[in-house]
Amino acid sequence: MDKKVLYGVAGLCLVFAVLMAGCVDTPAEDGKKTYVVGIDGEYEPFSYLGDNGEFIGFDVDSVKWIAEQKGFNVEIQAVAWDGIIPALQTGKIDMVYSGMSITPDREEKVNFTIPYWQVNQSVVALADSEVTMDQFTNGTLVIGVQRSCSADQWMQKAEDEGGLFGEEKYNQLVKDGNIKLYDSFPMSMVALEQGLVDVVIFDDANVESYIQGKSQFAMVGVIETGEYYAVAVRKDDNDLRELMNEGLTELMASDKWDELIAQYIVEDVAEPTVEPTTNETVVENVTAVETTPAETTA
């Protein structure tokens, strides 16, 4: 084969591969746009794999409802949490809709919609353990946490910044093995059950869902971090942000919202047992909404 022809074919293949790799926000056969939604695939009750082999959960069902109401299609794609923002920035996904807390660090990289849920951080241990919150906050326990989650980021901040350890102490605790990082929350809970860590820290709604009916686990305490979940989009994707803002507003005002809460959310979330931390996250032009019944919101 002529080298020019060969190079031409190779070039076309390369272009096709690139187009396919970045095939997001494109019209489907029905003429509707398809947005690729990045999720944490092990984030029950918000986004996880159901018994039928398809992703389900509060957030997954929410975005599907919004898509139906607003006239677009969605493709749900599980992405490693520590790589989910880079995946969004490079166009591999169009949005992150999977319990992502609004934080100042993330606001530098993405734009957020209006918030739709509020969480605090729960610390959980084995039921027969005698560990205390003082031991946790002093850093004398072996702590399990999902890497790059908001609990992980919170521990890295200093106390005067609304965090816990500060970067220097955090790094030393990781080096000494007193903080162990896992790729997912369920992996950290398996480590807890196996005695590899003393406690696990994670979002309260997820912890409550995971330990429900499992007598081997017990809540040690709750830290009132007052975080808000929102949908993340690229910095320049204002149209999608506004579309999702409209969809979220309609969803939270609908009967579907109450159905989703009843279906997925464990509502007996424990009251905070640690002094509130300072949360100075400001969401520009956004009014926070009350998303859970008063008796379940810390």
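**Note on the predicted model**

1. F46 is a fully enclosed residue by the computed figures, since its relative accessible area is 0% and F46 therefore counts as buried. This holds for a model that is predicted, and the points below should be read with that in mind. F46 sits in the loop between β3 (42-43) and β4 (47-49), while F58 belongs to helix α2. F58 is likewise assigned to the buried class, with a relative accessibility of 0%.

2. Both Y35 and F72 are buried, and the two rings make an aromatic pair with edge-to-face geometry, at 5.2 Å centre to centre and with 85° between the planes. Because Y35 is part of strand β2 (residues 33-39) and F72 is in the loop between α2 (58-70) and β6 (73-78), this pair ties together parts that lie 37 residues apart in sequence. F46 and F58 also form an edge-to-face aromatic pair, here with 5.8 Å between centres and 75° between the planes. The structure holds 14 aromatic pairs.

3. P45 has its place in the loop between β3 and β4, and the peptide bond leading from E44 to P45 is cis, with omega near 15°.

4. S47 lies in strand β4 and is buried, its relative accessible area being 0%. The C-alpha atoms of S47 and V60 are separated by 5.8 Å, although these residues are 13 apart along the chain. Leaving aside residues up to four places away in sequence, S47 touches I39, D40, G41, E42, I56, G57, V60 and S98.

5. On the α2 side the meeting residues are S62, V63, W65, I66, Q69 and K70, and on the α10 side they are L243, M244, E246, G247, L248, E250 and L251.

6. In soluble globular proteins, nonpolar side chains tend to be buried together. In this model the largest nonpolar core has 84 residues, of which Y97, W117, F136 and M155 touch the most other members. Strand β13 (residues 217-233) gives the most to this core, contributing 7 residues. The contacts of F136, not counting residues up to four places away in sequence, are with V123, L141, I143, W154, M155, L164, F165, V199, I201 and I223.

7. D203 is a polar residue to check separately: it lies in strand β12 (residues 199-203) and, at 2% relative accessibility, counts as buried. When residues up to four places away in sequence are left out, D203 touches Y43, G99, V119, N120, Q121, S150, E227 and Y229. The C-alpha atoms of D203 and C149 are 9.1 Å apart, while the two residues are separated by 54 residues along the chain.

8. S148 is found in the loop between β10 (143-146) and α6 (150-156). Its phi is near 70°, which is a positive value in a residue other than glycine, and S148 is partly exposed, with a relative accessible area of 27%.

9. Q212 lies in the loop between α9 (204-211) and β13, and at 55% relative accessibility this residue counts as exposed. Q212 and V266 are 54 residues apart in sequence, yet their C-alpha atoms are 8.1 Å apart in space. A further side-chain arrangement involves K214, which lies over the face of Y210 at 3.7 Å from the ring centre.

10. As for the chain as a whole, the protein chain has 11 helices and 13 strands, and 48% of its 298 residues count as buried. Among contacts between residues at least 6 apart in sequence, 74% join residues at least 24 apart.

How values were computed: Residues are numbered from 1 along each chain as its sequence is written. This is a predicted model: local features need pLDDT of at least 70, side-chain atom pairs count only at pLDDT 80 or more; totals for chains, interfaces and linings use all residues. Side-chain values use heavy atoms; hydrogens and water are left out. Rings of Phe, Tyr and Trp (its six-membered ring) pair if their centres lie within 6.5 Å; planes under 30 degrees apart count as stacked, over 60 as edge-to-face and the rest as tilted. Helices (H or I, at least four residues) and strands (E, at least two) are DSSP runs, numbered from the N terminus. Buried means under 20% relative accessible area, exposed over 50%, partly exposed in between (1.4 Å probe, protein chains only). A charge sits over a ring if NZ of Lys or CZ of Arg is within 6 Å of the ring centre and within 35 degrees of the ring normal. A nonpolar core is a set of buried Ala, Val, Leu, Ile, Met, Phe, Trp, Tyr and Cys residues joined through side-chain atoms within 4.5 Å. Contact means heavy atoms within 4.5 Å.
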